[in-house]
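Please open the model in a viewer and keep the selection tool at hand.

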Amino acid sequence: MTSQTQSVSLQDAIWDGSVPLDIRLSPQECRIYDQSDPYFIHYPRLSYLPFLLPRLHAFFSPFLIDPGVAPHEGWFSYEDVPLKWHYPLGLLYDLFSGAPPGDDRSSPFQRPSTLPWRLTLHFTDWPGDQLVQPDAEGKVLHDAFINSVKEADFLRNGTAKGIMSLSKDDSTQLWNAVQQRMAPLLCFHKLES
């Protein structure tokens with residue numbers, strides 16, 4: 001197997017990775033006494049939780065105390081810790097659900113299962129001291145994504161010239177690929193050159 005074939009194979013494996021999620025509406029925002037039904041989904045590791053908000057808002061709106069709240073006002077927490085919405089799901093999962101500190105077991109198969117990953121969805125009480133609030137159009141998420149790609153390009157190559165040299169169309173194509181879950185092979189190739 002050539003190194004280019006291995007590289008494409010690795011990119012495919014990374015792109016196709018997902019995390020099973022068990023998303024629950026915050027009990028403080030639910031009009032049903034015990035709790036609403038959970039929302040289960042296998043969600044891509046390289047995607048962002050805010051992309052789920054319109055779908056989750058539609059699913060949970062019959063249970064919301066205030067069904068008029070806008071979908072983009074939603075935020076997620078894990079064990080009462082607000083999750084940074086501008087980090088990809090896979091990174092959040094790796095950061096928050098890994099082995100406890102000091103755990104010397106080297107195999108993930110020896111750990112108790114943390115899947116599906118249970119998240120809590122909130123639409124009120126935005127934690128402004130911990131999270132920047134995204135906008136309804138998604139421009140803030142787009143800018144955060146592009147900045148993270150620039151940082152990654154700089155860390156990998158010592159310069160962000162690769163991402164900075166993408167045309168507006170290529171940059172838009174990369175962002176659309178992330179949103180629509182299409183492998184952006186064209187952009188990966190252009191960034192490598």
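Grid points are joined across faces, edges and corners, and a volume is the space filled by probe spheres set on the points.

This is a predicted model, in which local features need pLDDT of at least 70 and side-chain atom pairs count only at pLDDT 80 or more, while totals for chains, interfaces and linings use all residues. Residues are numbered from 1 along each chain as its sequence is written, and side-chain values use heavy atoms, with hydrogens and water left out.

**Second largest pocket.** Select Pro50, Asp135, Ala136, Glu137 and Gly138, which lie nearest the centre of the second largest pocket among its 15 lining residues. The volume of this pocket is about 250 Å³. Helices H2, H4 (139–157) and H6 (168–180) each supply at least two residues of the lining; helices (H or I, at least four residues) and strands (E, at least two) are DSSP runs, numbered from the N terminus.

**Largest cavity.** Next select the lining of the largest cavity: Leu49, Pro50, Leu53, Gly74, Trp75, Phe76, Leu83, Trp85, Trp126, Leu131 and Pro134. Its volume is about 70 Å³.

**Sheet.** Now display the strands. Five of them form an open, mixed sheet in the order S2-S1-S5-S3-S4, where two strands pair if DSSP finds at least two bridges between them. S2 (39–44) and S4 (81–82) are the edge strands, each pairing on one side only. S3 (residues 75–78) pairs with S4 in the antiparallel sense over two bridges, and Tyr78 has Val81 in S4 as its bridge partner.

**Helices on the sheet.** Select H2 (residues 53–60), which packs on the sheet and touches S1 (18–25), S2, S3 and S5 (117–122); contact means heavy atoms within 4.5 Å. The direction of H2 makes about 175° with that of S2. Axes are lines fitted to C-alpha atoms, for helices over the stretch in contact, and angles run from 0 to 180 degrees between N-to-C directions.

**Confidence.** Finally, colour by pLDDT, the predictor's confidence in each residue, from 0 to 100. The chain averages 84. Select residues 184–191, where pLDDT stays under 50.

Notes: On a 1 Å grid over the protein atoms alone, a cavity is a set of points where a 1.4 Å probe fits but cannot get out, and a pocket is an open set with protein on both sides within 12 Å along at least five of seven lines; lining residues have an atom within 4 Å of a point.
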